[in-house]
Amino acid sequence: MSFAQASLLILLLAMLVLFSLDRFRIEVVSIAGLLAGHALGLYPADRIFAGFASPVVVTVVEILLIVQVLARAKLFDSLAARFAATEPSGFQVISGTSLLAGFISIFMNNIGAFAITLPVALRLGTALAIPRRQFVMPVSFAALLGGLVSLIGTPANLLVSDALGEATGAGFHFFDFAYVGLPVAMAGIMLVALRVQRLFPEPDEAPATISPVTRRIVVERRIPEVSPLVGVRLSDCPARFGIKAHALIRGDNFVFGPLEQSVIAAGDVLLAEGSDAVFAGLAAAQALMADINPHGLRPDFFRVESVVMPESTLVGSRIRSLEIFHSRGVAVTALSMRAPRIEGRFLDLQLSIGDILTLEGPRMAIAEALEESECLPLASAASTEPASLSWRPFALFACGVVASAAGLRPDVAFAGVVLALALLNHLNIRQAMADLNWPIIIMLAAMIPIGQAVASTGTAETIAGWLSLVVPITQPLFGVALILFLAMALTPFVNNATVAIVLSPVALEFARTGQHAPHAYLIAVAAGASLDFLTPFGHHNNTLAMGIGGYRFSDFLRAGWPLAVTCYGLALFLLALFWL
């Protein structure tokens, strides 16, 4: 083994470990690895930033810009209302919304499909009294499965197509992935829809009756003199007002004693838990008052919800110690906790992965704090535009999809869509660019030269040689099975784009060693990189689902392992049937 190969393997291993630990910002790790690769002589200076000009990165940016427009167009809300009017069964709602998420994910990235479909699912679930845990996870999984079907369904597909193009002169066509992806997606969606009602039979703690998009939150609010809560015993709060009282503070002291004997007085501070819609109604009725904004939200303030991601610096912190928000004049006004453990006051609550913060403050201050703390906004702080009901963004996007499927390069096709959306005032490019998830884009661009070095330094050939001692990779089915397994084993810990970048050269070397066409090996890489169902931190969709649905880590294992095994077996069978 040469020095370049050994140093590249060590560099890759170190980066994968740092990515999986989630202790460092992913863009910092990526840039550091990119510069270290040049220092080690793995690629020349003129190739260091070549990834930022890659058609794959350009296409991902374009798709993310388009998704911002489509997410504001409430086209599916009317469909949801009509669907609810037919009084469907729980299975029909779960399977229908999951199929919708899978269909949308064929034409855009997984997170965009999840963001568009989830409000529809929440509206239907609330209207038909279906427990949230029965449909949030299936929608997340369906968005991942839908990405298997098309070239633009996920960045991993674009990356393996780019690798095929460099190796053979022609990449995959738009729907080449569908031979494997479509049956796997359909089977996976149906399997989850059939099992999820048995896995999560328990109803939500408090059904939402005011707003269809609700969640359980913890707040600390002051009781004004005119509040109907004055004179009410804490034990009566659940039945009369739909909230559960955890503490009553009078002055600076806790009011101790049985709930039946603790009576709320004007000026008290109440620490309580309940539906966000219930608290919104109590605030509107002047029953509760937030000290930060006693007369309502200031005109120059914004309210944004954000989820604590695995890589966030806030994990393990208490609300009172969040100087990243306090120093910018941003207040944390509510918290939706994945695993509630309520002790002390609101400021003493400790954050964990998947918790959802409600923030109030200046728009730019919130955006800066969220970016610095690695939290993902559920609603863009920068977007104040009313929801659009126009069909034109969808028509323009459909034109881009058709053009790409007809053979036009995806980056060129979707550049035309972005231009048309901007000219028709559906897209403010300057604002939309500021709202992009730049850490992911930087990571993707920085990893491309490192991935290319795996092939150029002969490292892929060395890895293939090692693996050939264990598995007879000269037999194409064994080689494809191993590549698919490796991709599925890595993707719960490393994002799917990195998996595709690292494994594509190895897959190509497998094909060269066995003197086979590389198509099956590369599709195995793309498929395995997207079959991520076992952990809540492997993909952002699952992390969001964990916070919104209130799942535990073990819930993903229970729901995900039969799906992972089924998809692996079916994908391998289809790869052998269509590509070997």
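Select S312 and S373 first. The backbone oxygen of S373 lies 2.7 Å from a polar atom of the S312 side chain. Keep in mind that this is a predicted model.

**Stop 1: around S312**

Stay on S312. Its side chain also reaches the backbone nitrogen of L314, at 3.1 Å. Colour the loop between β5 (302-308) and α12 (323-326); S312 is found there. Is S312 buried or exposed? S312 is buried, with a relative accessible area of 6%. The cut-off for buried is under 20%, so S312 qualifies.

Now show what surrounds S312. Leaving aside neighbours within four places in sequence, S312 is in contact with S373, E374 and C375.

**Stop 2: E374**

Select E374 next. It is found in the loop between α13 (363-373) and β8 (375-377). Check the backbone here. Phi of E374 is near 60 degrees, a positive value in a residue other than glycine. The relative accessible area of E374 is 8%, so this residue counts as buried.

**Stop 3: E27**

From E374, step across to E27. Which residues does E27 contact, apart from its neighbours within four places in sequence? They are E374, P439 and I442. E27 lies in helix α2, which covers residues 26-39. At 10% relative accessibility, E27 counts as buried.

**Stop 4: N425, another positive phi**

Jump to N425. Its phi is positive, about 65 degrees, although N425 is not a glycine. Look for it in the loop between α15 (410-423) and α16 (429-434). Is N425 buried or exposed? N425 is exposed, with a relative accessible area of 67%. The cut-off for exposed is over 50%, so N425 belongs in that class. Compare E374, which has a positive phi but is buried.

**Stop 5: I501**

Select helix α20, residues 496-514, and pick out I501 within it. I501 counts as buried at 7% relative accessibility. Show the residues that I501 touches: L159, L444, M447, I448 and G451, not counting residues up to four places away in sequence. Then draw a distance from I501 to P449. Their C-alpha atoms are separated by 9.2 Å, and the two residues are 52 apart along the chain.

**Stop 6: the largest cavity**

The largest holds about 60 Å³ of space.

Select its lining: L148, N157, F177, V180, G181, V184, I523, A526, A527, L531 and A571. Two elements give two or more residues to this lining, α9 (178-199) and α21 (519-530). Colour the lining by residue type. It divides into 9 nonpolar residues, 2 polar and no charged.

**Stop 7: the second largest cavity**

Move to the second largest cavity, with a volume of about 30 Å³. Select S98, P138, F141, A142, L145, G188, I189, V192 and A193, which line it. Which elements each supply at least two residues of this lining? They are α7 (136-146) and α9.

**Stop 8: aromatic rings**

Keep F141 selected; it is one of the residues lining the second largest cavity.

Now widen the view to every ring. A search of the whole structure finds 13 aromatic pairs. One of them is F49 with F52, a tilted pair: 6.0 Å centre to centre, with 50 degrees between the planes. Tilted pairs fall between the stacked limit, under 30 degrees, and the edge-to-face limit, over 60, so 50 degrees puts this pair in the tilted class. F52 is partly exposed, with a relative accessible area of 34%.

**Last stop: the whole chain**

Zoom out and switch to cartoon. The chain has 23 helices and 8 strands. Colour by accessibility: of its 580 residues, 54% count as buried. Among contacts with a separation of 6 or more, 79% join residues 24 or more positions apart.

Key:
Residues numbered from 1 in each chain as written. Predicted model: local features only at pLDDT ≥ 70, side-chain atom pairs only at ≥ 80, totals over all residues. Heavy atoms only, no water. Phe/Tyr/Trp six-rings, centres within 6.5 Å; stacked < 30°, edge-to-face > 60°. Buried < 20%, exposed > 50% of the residue type's maximum accessible area, 1.4 Å probe, protein only. 1 Å grid on protein atoms, 1.4 Å probe; cavity = no way out; pocket = protein on both sides within 12 Å on 5 of 7 lines; lining within 4 Å. Points joined across faces, edges and corners; volume = space filled by probe spheres on them. Helix = DSSP H or I, 4+ residues; strand = E, 2+ residues; numbered from the N terminus. Nonpolar A, V, L, I, M, F, W, Y, C, P; charged D, E, K, R; others polar. Polar contact = N/O pair within 3.5 Å; in protein donor to acceptor, adjacent residues only side chain to side chain. Contact = heavy atoms within 4.5 Å.
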